[in-house]
Amino acid sequence: MEPGPWDECCAFCLQRYIYEEERRCTRCDVAVCPACVVLEGATGEPLCPPCGKAYEEDRRS
Ligand SMILES: [Zn+2]
Ligand SMILES: [Zn+2]
């Protein structure tokens with residue numbers, strides 16, 4: 001692995017990312033990388049992919 005600030009591994013896409021760019025899901029508090037974070041439409045709150053999917057389904061029903 002090349003040296004650098006890539007010191008976190010995303011649980012969703014399994015890519016390494018910069019710790020400073022980590023987001024936390026507001027629903028389940030899991031760490032999400034910037035590529036996987038889902039921003040909730042209304043509030044812009046960061047969600048993890050499963051919570052983002054659940055949110056979309058909630059909104060539709
Ligand atoms: Zn990711
Ligand atoms: Zn979540």
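Two residues are in contact if their C-beta atoms, placed from the backbone, lie within 7 Å. Among contacts in the protein chain between residues at least 6 apart in sequence, 10% join residues at least 24 apart.

The model is predicted: local features need pLDDT of at least 70, side-chain atom pairs count only at pLDDT 80 or more, and totals for chains, interfaces and linings use all residues. Residues are numbered from 1 along each chain as its sequence is written, while chains are lettered from A and ligands numbered from 1 in the order in which they are written.

**Confidence and layout**

pLDDT is the predictor's confidence in each residue, from 0 to 100. Its mean over the protein chain is 91, and 95% of the residues reach 70 or more. Helices (H or I, at least four residues) and strands (E, at least two) are DSSP runs, numbered from the N terminus. The protein chain has one helix and six strands, in the order β-β-β-β-β-β-α from the N terminus on. Confidence is lowest in strand E1 (residues 6-9), with a mean of 87, and highest in strand E6 (residues 46-47), with 97. The C-alpha trace spans about 45 × 20 × 15 Å along its principal axes.

**Burial and the core**

A residue is buried if 20 or more other C-beta atoms lie within 10 Å of its own, exposed if 12 or fewer, and partly exposed in between; C-beta atoms are placed from the backbone. Of the 61 residues in the protein chain, 18% are buried. A nonpolar core is a set of buried Ala, Val, Leu, Ile, Met, Phe, Trp, Tyr and Cys residues joined through C-beta atoms within 7 Å. The largest one here has nine residues: Cys 10, Tyr 17, Cys 25, Val 32, Cys 33, Cys 36, Val 37, Leu 47 and Cys 48.

**Selected residues**

Tyr 17 lies in strand E2 (residues 16-18) and is buried, because 21 other C-beta atoms are within 10 Å. Cys 9 is in strand E1 and counts as exposed, because it has 12 C-beta neighbours inside 10 Å. The contacts below leave out residues up to four places away in sequence.

| Residue | Contacts |
|---|---|
| Cys 9 | Leu 14, Arg 16 |
| Tyr 17 | Trp 6, Glu 8, Cys 10, Cys 33, Pro 34 |
| Cys 36 | Cys 10, Phe 12, Cys 13, Pro 49 |

The C-alpha atoms of Tyr 17 and Tyr 55, 38 residues apart along the chain, are 25 Å from each other. For Cys 9 and Val 37, 28 residues apart along the chain, the C-alpha separation is 14 Å.
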